[in-house]
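Please look over the sequence and the model shown here before reading on. The report below goes through the fold part by part.

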Amino acid sequence: MLRRLLIFMAMIVVVVLLFKYCEFKKEDDSGIDYNTSLIQQQIVNVGKLVVTEGHFSEVITYKNQEKYLMGMLTFDKKALIVVNADVTVAYDLHKMKYDIDEKNKMISILYIPKEEIKISPDIQFYDVEQSKLNPFTGDDYNKINKSVKANLAKKIEKSTLKTNAQNRLVSELSKFLILTNSLGWTLKYEGVVIESEKDFGQKIKL
């Protein structure tokens with residue numbers, strides 16, 4: 001009788017322990033799912049267009065000369081050109097690629113898109129001088145537009161616009177770092193563990 005009672009009690013203990021284990025396992029799995037959901041939502045929040053805007057101005061003089069009769073007869077055309085340009089440097093984070101490793105609690109950013117620079121110049125002509133034998137044509141306007149954009153591209157490289165855009169990008173990506181740190185996960189970019197916003201900045205500006 002005593003032996004049966006002990007066996008019965010042992011069975012009850014085993015059942016209770018199994019129940020507790022299953023309940024713990026369920027809670028643990030639920031925590032992983034919850035963390036993954038938070039990360040997915042953060043990716044959606046970060047996955048947007050990060051745009052930095054700038055404005056540039058310049059004044060140029062355009063000249064062209066047509067020669068006839070071995071240079072004895074010339075026809076000139078020229079114009080004063082005032083350029084005001086709006087420039088945007090954008091990162092389309094919808095194109096970002098990443099991998100979520102739930103088992104090892106790790107997010108790996110695989111690809112961050114390059115910046116997209118858009119130049120929108122407003123070109124105004126003043127003091128236009130031309131002749132019937134050397135008028136302004138579509139070729140002139142195309143040359144001027146190409147030259148303007150080339151000059152603006154050089155100005156953009158020398159300005160702080162791209163640096164400001166990179167800083168905004170780093171600030172946006174750092175939201176991942178805040179989340180992974182709060183959840184006890186690890187964040188990687190190009191195989192390197194990211195531990196601070198500075199790490200992001202150094203990798204992106206290489």
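## The model and its confidence

This is a predicted model, in which local features need pLDDT of at least 70 and side-chain atom pairs count only at pLDDT 80 or more, while totals for chains, interfaces and linings use all residues. Residues are numbered from 1 along each chain as its sequence is written, and side-chain values use heavy atoms, with hydrogens and water left out.

The predictor's confidence in each residue, from 0 to 100, is called pLDDT. Its mean over the protein chain is 79, and 75% of the residues reach 70 or more. Over residues 13–32, pLDDT stays under 50. For that stretch the model has 1 contact (heavy atoms within 4.5 Å) beyond four places in sequence.

## Overall make-up

The protein chain has 4 helices and 7 strands. Helices (H or I, at least four residues) and strands (E, at least two) are DSSP runs, numbered from the N terminus. Read from the N terminus on, the elements run α-β-β-β-β-β-α-α-β-β-α.

Of the 206 residues, 31% count as buried. Buried means under 20% relative accessible area, exposed means over 50%, and partly exposed lies in between (1.4 Å probe, protein chains only). Among contacts with a separation of 6 or more, 73% come from residues 24 or more positions apart.

## The three-stranded sheet

Which order do the strands of the open sheet of 3 strands take? The order is E1-E2-E5, and the pairing is antiparallel. E1 and E5 stand at the edges with a single partner strand each, so one side of each has no neighbour in the sheet. From one strand to the next, the twist averages 20 degrees.

Two strands pair if DSSP finds at least two bridges between them. E1 and E2 run antiparallel and are joined by 20 bridges.

Helix H2 covers residues 138–158, which is 21 residues. From its first C-alpha to its last it reaches 31 Å, close to the 30 Å expected at 1.5 Å a residue; the expected span is 1.5 Å times one less than the number of residues.

Why do the buried residues of H2 lie on the same side? In H2, Asp-140, Ile-144, Val-148, Leu-152 and Ile-156 are buried. They cover an arc of only 135 degrees around the axis, which puts them on the same side of H2; the arc is that of the directions from the helix axis to the C-beta atoms. An α-helix has 3.6 residues a turn, so residues three or four places apart point the same way.

The buried residues pack against strands E1 (49–68), E2 (73–92) and E5 (116–129), and against helix H3 (161–183). On the other side of H2, Asp-139, Asn-142, Lys-143, Lys-146, Lys-154 and Glu-157 are exposed.

## Phe-75 in strand E2

Is Phe-75 buried or exposed? Phe-75 lies in strand E2, and it counts as buried because its relative accessibility is 18%.

Leaving aside neighbours within four places in sequence, Phe-75 is in contact with Asn-64, Gln-65, Glu-66, Tyr-68, Ser-131, Leu-133 and Asn-134. Phe-75 and Asn-134 are 59 residues apart along the chain, yet their C-alpha atoms are separated by 6.0 Å.

## The four-stranded sheet

A further open sheet has 4 strands in the order E3-E4-E6-E7, with mixed pairing. Strand E3 (97–101) and E7 stand at the edges, each with a single partner strand, so one side of each is left without a neighbour in the sheet. E3 and E4 run antiparallel, joined by 5 bridges, and Asp-99 has Ser-108 in E4 as its bridge partner. Helix H4 (residues 197–204) packs on this sheet, touching E4, E6 and E7, and its direction makes about 15 degrees with that of E6.

Strand E4 (residues 106–111) runs parallel to E6, with 4 bridges between them; Ile-107 is paired with Leu-187 in E6. Strand E6 (residues 186–189) has a covered face, Leu-187 and Tyr-189, and an uncovered one, Thr-186 and Lys-188. E6 is joined to strand E7 (residues 192–193) by 2 bridges, running antiparallel, and Tyr-189 stands opposite Val-192 in E7. The hairpin of E6 and E7 has 2 residues between the strands, and in it Glu-190 takes a positive phi near 55 degrees.

Technical notes:
Axes fitted to C-alpha atoms, helices over the stretch in contact; angles between N-to-C directions.
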